[in-house]
Amino acid sequence: MSVSFHRAYSFLIAAFGLFTLIGCGGSESSSESASSGADKIKVGQFYALSGEQATFGISSKKGSELAFAEINAAGGVRGGAQLEHITFDTRGIPQETGNAVTRLINNEKVVALLGEVASSLSDAGGQVAQEYRVPMITPASTNPKVTQIGDMVHRICFIDPFQGFVVAKFLKENKNATKVAVLFDQGQAYSVGLKDAFLEAYPKMGGEILTVQSYSSGDQDFSAQLTNIRDLKPDAIFIPGYYTEVANIALQAKRLGVNTILIGGDGWTSEKLTEIAGDSIEGAYYSNHYSPEDSRPKVQEFIKNFKEAYGGETPDAMAALAYDSVYILADAMNRAESLEPDDLAAAIASTKDFDGVTGKITLNAERNAEKDAVILQIQNGESRFVTTVSPN
Amino acid sequence: MKAFIETLINGLSLGSVYALIALGYTMVYGILKFINFAHANVFMIGAWLSYILASKSGFVNPEDPNLLAIPFVLLGSMLICGVLGVMIEKLAYAPLRKAERLNILITAIGVSLLLENGLQLDFLFGTQPVGMPVLLENSVVATVAGAKVFLVDVLGISIALVLMTSLHTLVFHTQMGSAMRAVANSPQNAALMGISAGRIIGMTFFLGSALAAAAGFFYGMKYSGLQSPGNTTWVLLGIKAFVAAVVGGIGNINGAVLGGFLIGLIEMFGVAYLRPEYKDVYVFAILIVVLLVKPTGILGKPELEKV
């Protein structure tokens with residue numbers, strides 16, 4: 001009796017365990033088990049679909065899937081070849097990202113890789129892509145080091161020094177802020193990069209940095225840092241972090257009576273930010289890659305199609321960048337002599353004046369895109385366009 | 001002075017969270033002599049259940065919560081977590097009662113992984129952070145030397161103190177408490193006295209898990225942006241609470257409370273007066289010091305190894 005009970009328990013636990021494995025070992029393939037011939041080209045995607053930065057990955061996946069569907073419906077690439085995409089979850093962890101990319105290359109035999117938003121993750125994925133020599137495009141990683149990995153890694157967004165410059169310029173010229181405090185995430189290459197860029201650019205424009213405080217991803221109490229900052233009475237606080245922590249920082253800043261401008265970078269791009277922080281984040285600014293209020297027909301058409309595909313949801317910057325990344329890859333595939341890694345990488349690197357949703361995209365010699373940034377302000381829980389800042 | 005008082009309140013507030021979690025670790029260790037690694041996950045579940053009860057259960061209007069919302073959410077979350085704790089014990093640990101100590105330890109890690117990953121399924125908690133509704137206006141109760149004392153901290157610390165006092169009374173002044181202490185002392189002898197060890201162990205898990213849920217509730221009230229169930233924050237908080245239990249003397253209920261407040265205060269004062277980057281370092285440094293100077297913890301008594 002008792003033995004059989006024990007067996008029943010262990011079976012139950014084993015069953016639960018299996019259930020969890022199935023639930024989490026998420027990989028999704030778009031292939032409809034049709035016979036895969038030479039007319040299919042496999043593209044691997046790696047995004048954080050769970051974990052702290054999941055909304056980035058989920059948005060990116062939605063944007064890229066829309067682009068894949070459009071390209072395939074319009075006849076595919078290279079005269080009729082369909083694009084097949086496979087997405088692995090990186091869980092927002094560098095080690096997992098390395099594993100995901102290795103599996104995409106070795107098991108799925110993808111010819112190109114699209115992926116990751118957080119720079120630390122693109123860095124982990126890029127190392128693997130470079131080692132196996134598979135061309136990769138990161139849609140949204142802004143840390144300069146990512147493309148310095150090697151000739152296989154490309155990006156279609158601007159880089160941190162530019163974003164730090166944009167925030168500094170906006171604060172100085174549009175907000176007349178002269179004294180700024182910085183609160184950054186020491187565990188994220190992205191955040192450190194933005195902080196460094198800002199610390200370099202802002203004093204050159206005549207601004208003063210009052211204090212530089214740090215936190216770590218996953219922290220929930222920022223009262224010590226915010227109290228220090230509050231007592232210095234800055235004109236603005238630059239917080240180049242990711243949305244989960246920024247939401248808590250904003251909530252606590254309000255509670256502690258910190259009444260000043262909060263400003264951040266594209267890591268704030270998530271509807272979760274306003275959902276969690278509510279009133280506390282009202283009036284804050286952040287720099288970004290695109291604004292849905294852009295009136296160019298290309299942007300408006302993308303927004304219309306995206307809303308149709310995803311139940312009325314407005315695409316955010318991550319979705320827009322991922323969408324552009326697929327089109328740039330398809331464009332490079334059409335121009336490339338062959339789909340061999342060197343040819344394809346050369347074709348991606350020679351992208352010039354590509355008319356994307358996120359602006360005109362030209363890759364420079366370092367395989368980085370040079371383009372404008374926008375400043376958005378959170379008003380009534382929505383991100384509204386304020387101004388455009390160009391590199392010069 | 002202002003900063004000192006603010007830090008003191010924050011430290012006590014965080015300390016009461018650690019103390020409530022540490023009690024669960026210490027009670028289970030006291031009776032079964034093993035570390036229940038799944039306890040940190042129960043704490044996370046407590047916080048998430050509070051969010052679900054407050055925003056999705058239909059009993060509370062998250063836009064305009066009434067006075068009953070707080071007791072409803074707190075007790076609901078404690079009850080569900082308590083039952084969950086008992087289920088974990090009956091399903092995963094009870095079958096291993098006679099097995100090697102190592103087996104049950106590994107099982108605890110398994111249960112922890114199962115909860116952490118399983119709860120990320122879309123129809124359960126999902127993979128996204130959420131915002132806990134504001135159940136209590138952020139009103140200021142008092143101003144001491146310029147430092148504001150918030151209602152949420154006062155309420156949280158008071159709830160924690162009430163729960164800890166009740167537990168103390170239960171363990172040291174009731175018949176069931178005597179039974180619990182008897183089982184902790186010697187399960188065989190307790191059984192000879194007619195005490196059902198299974199029931200007492202179940203009760204211990206119920207109490208420990210309910211206290212962890214209360215900690216989760218308070219944590220959610222204070223830091224309303226709740227991290228996703230898979231976030232390492234939860235495990236890290238659990239580990240720090242475990243450190244609190246060890247520092248106070250594992251197996252000792254008063255020690256867990258003392259350790260919890262000590263760790264909370266050290267962490268907050270370290271962050272405020274030294275460097276915030278090293279906030280985890282302060283906690284683990286204290287652990288090293290205690291293990292070197294008094295390995296049994298501050299209130300722990302050296303135990304003779306039974307041969």
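Modeller: B:T143 stands opposite B:K148 in β3(B). The two strands here are β2 (residues 140–144) and β3 (residues 147–150) of chain B. They pair in the antiparallel sense over four bridges. Strands are DSSP runs of E, at least two residues long, and helices are runs of H or I, at least four, numbered from the N terminus. Pairing requires at least two DSSP bridges between two strands. Together, β2(B) and β3(B) form a hairpin with two residues between them. B:A145 sits in that turn, with a positive phi of about 50°.

This is a predicted model: local features need pLDDT of at least 70 and side-chain atom pairs 80 or more, while totals for chains, interfaces and linings use all residues. Residues are numbered from 1 along each chain as its sequence is written, and chains are lettered from A and ligands numbered from 1 in the order in which they are written.

Stay in chain B for its helix α1. Residues 2–32 form α1(B), 31 residues in total. From first C-alpha to last it reaches 45 Å, close to the 45 Å expected at 1.5 Å a residue. That expected span is 1.5 Å times one less than the number of residues. Of the 31 residues in α1(B), 26 are buried, so defined when 20 or more other C-beta atoms, placed from the backbone, lie within 10 Å of a residue's own; 12 or fewer make it exposed, and in between it is partly exposed. B:K33 follows α1(B) and has a positive phi near 55°.

Now the contact between the chains. It takes 35 residues from chain A and 31 residues from chain B. A contact means C-beta atoms, placed from the backbone, within 7 Å. On the chain A side, the elements giving two or more residues are α1 (2–24), α2 (54–73), β8 (208–215), α8 (223–232), α9 (243–255) and α10 (271–277). The largest share, ten residues, comes from α1(A).

Of these elements, β8(A) also belongs to an open sheet of seven strands. The order is β8-β7-β9-β10-β11-β14-β15 of chain A, with mixed pairing. β8 and β15 (382–389) of chain A each have a single partner strand, so one side of each is left without a neighbour in the sheet. Inside the sheet, β9 (residues 236–238) and β10 (residues 261–264) of chain A run parallel, joined by three bridges. A:F238 stands opposite A:I263 in β10(A).

A:G207 lies in it, between α7 (189–204) and β8 of chain A. Why does A:G207 count as partly exposed? Because it has 19 C-beta neighbours inside 10 Å. Leaving aside neighbours within four places in sequence, A:G207 is in contact with A:A168, A:L171, A:K172, A:T178, A:V180 and A:Y202. A:A177 is 30 residues away in sequence, yet its C-alpha lies 7.5 Å from that of A:G207.

Last, chain A as a whole. It has 13 helices and 15 strands. Its C-alpha trace spans about 70 × 65 × 40 Å along its principal axes. Buried residues make up 53% of its 392 residues. Among its contacts between residues at least 6 apart in sequence, 67% join residues at least 24 apart.

Terms used. Two residues are in contact if their C-beta atoms, placed from the backbone, lie within 7 Å.
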